[in-house]
Amino acid sequence: MDKLRSMEVFVAAVDAGSFTAAAARFRMSPVMVGKHIAQLESTLGARLLARTTRRQGLTEIGQQYVEQCRAILAQIVAAETGAEAMRAGPRGRLKITAPVSFGSEWVGPAMTDYLTLHPEVSLDLNLNDRMVDLVDEGYDAAIRIGDLEDSSMVARALFPYAMVICASPDYLARRGTPRTPADLAGHECLDFMHWPHSVRWRLRGAQGVNGVPPSRFRANNGQALRMAALRGFGIVMQAEVLLAQDIAAGRLAPILAEHLPAARPMHLVYPRDRQATPKLTTFVDFMLERFGPAARLPWAGEPSPIWGHGGGAEPPNGAQLA
């Protein structure tokens with residue numbers, strides 16, 4: 001027999017004072033009520049009810065057990081009520097992971113907008129460039145860059161993850177503007193330590209590593225390279241999402257646009273068997289509206305409300321990305 005149903009029947013029999021009244025409530029026979037209680041007594045190894053020809057009463061163990069049953073059943077009702085409430089509207093805690101550069105520059109600020117729209121949702125954002133196991137680590141969704149291999153996930157396309165090559169106007173005024181990849185050989189090129197040698201500064205229309213000399217400044221973090229470029233130390237190649245606002249403000253100028261590496265795909269992924277709770281569906285809809293395939297960074301052409309008021313700023317010196 002279902003133990004929870006037996007507990008419900010036992011509590012009903014105690015509250016109603018008879019098996020007959022409990023039987024009417026659950027649409028079963030009084031004999032079946034007795035079987036439910038007998039099953040509980042067999043499991044516990046103790047009598048719950050002391051019966052006489054005129055009345056029945058709780059034993060000492062029965063008194064304690066009925067209170068515990070009431071508490072358990074109340075918790076179940078509360079859990080079911082909470083689950084129904086969560087499905088009725090977006091509420092609860094979301095756990096999201098995103099790459100460091102895109103997450104810090106764009107996802108983090110956007111999440112304040114999402115949380116403002118949904119005041120009953122809380123959100124944990126973990127910025128990490130490693131491949132997180134969503135199921136094992138309890139994440140609701142992740143943003144991933146590059147080709148996807150895990151077909152067990154639902155994948156929704158975001159805008160492509162493009163690279164851009166930039167330098168400060170001060171640097172270009174001092175050292176000149178490279179016109180071809182070969183010109184980089186005479187410049188200070190800031191190097192990202194995590195690039196394999198085979199893809200280091202590999203640009204379109206150029207061979208090998210394009211003659212770029214060993215960098216005097218290498219870092220394993222794009223923000224460190226960005227800051228060096230802003231201080232006029234050299235030329236940086238990093239994700240467009242990391243440098244877009246500096247370009248829009250004129251702090252950095254894009255160069256060699258026609259030689260940029262091909263953009264990589266970027267997706268929002270979440271487990272295929274994850275229940276479509278309102279908090280997850282509203283988050284997915286928000287991310288697709290804000291960062292979907294049609295979204296554009298604020299300096300890359302047409303104004304877009306996706307990036308907030310004032311988006312669509314013209315790039316400095318009329319430069320455009322391909």
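Reply: The model is a predicted one. Glu 188 has a relative accessible area of 12%, and because the limit for burial is under 20%, Glu 188 counts as buried. Leaving aside residues up to four places away in sequence, Glu 188 is in contact with Tyr 171, Arg 175, Arg 216, Phe 233, Gly 234 and Ile 235.

E8 runs parallel to E10, and two bridges join them. Across that pairing, Leu 190 has Val 236 of E10 opposite. E8 also pairs with E9, again in the parallel sense and over two bridges. There, Phe 192 stands opposite Ala 219 in E9.

These pairings belong to an open sheet of five strands. Its order is E9-E8-E10-E7-E11, and the pairing is mixed. Strand E9 (218–219) and strand E11 (253–255) are at the edges; each has a single partner strand, so one side of each is left without a neighbour in the sheet.

Helix H8 (residues 222–230) touches E8, E9 and strand E10 (235–239), and its direction makes about 175° with that of E8. Helix H9 (residues 240–248) touches E7, E10 and E11, and its direction makes about 120° with that of E10.

The axes of H9 and helix H5 (residues 100–117) come within 8 Å and cross at roughly 40°. H5 and H9 are therefore oblique to each other. On the H5 side the contact involves Ser 101, Phe 102, Glu 105 and Trp 106, which meet Val 241, Leu 242, Ala 244 and Gln 245 in H9.

Another helix pair can be described in the same terms. The axes of helix H1 (residues 3–16) and helix H3 (residues 30–44) come within 9 Å, with a crossing angle of roughly 115°. That makes H1 roughly perpendicular to H3. H1 passes H3 in a left-handed crossing. H1 contributes Lys 3, Arg 5, Ser 6, Met 7, Val 9, Phe 10 and Ala 13 to the contact, and H3 contributes Val 33, His 36, Ile 37, Leu 40 and Thr 43.

For the setting as a whole, the protein has ten helices and twelve strands. Of its 322 residues, 45% count as buried, and Glu 188 is itself buried. Among contacts between residues at least 6 apart in sequence, 70% join residues at least 24 apart. The protein exposes about 16,900 Å², of which carbon and sulfur atoms supply 52%.

Notes:
Residues are numbered from 1 along each chain as its sequence is written. This is a predicted model: local features need pLDDT of at least 70, side-chain atom pairs count only at pLDDT 80 or more; totals for chains, interfaces and linings use all residues. Side-chain values use heavy atoms; hydrogens and water are left out. Buried means under 20% relative accessible area, exposed over 50%, partly exposed in between (1.4 Å probe, protein chains only). Contact means heavy atoms within 4.5 Å. Helices (H or I, at least four residues) and strands (E, at least two) are DSSP runs, numbered from the N terminus. Accessible areas come from the Shrake-Rupley method with a 1.4 Å probe; for residues, only the protein chains shown count as cover. Two strands pair if DSSP finds at least two bridges between them. Axes are lines fitted to C-alpha atoms, for helices over the stretch in contact, and angles run from 0 to 180 degrees between N-to-C directions. Angles under 35 degrees count as roughly parallel, over 145 as roughly antiparallel, 65 to 115 as roughly perpendicular and the rest as oblique. A crossing is left-handed if the near helix is turned anticlockwise from the far one by less than a right angle, and right-handed if clockwise.
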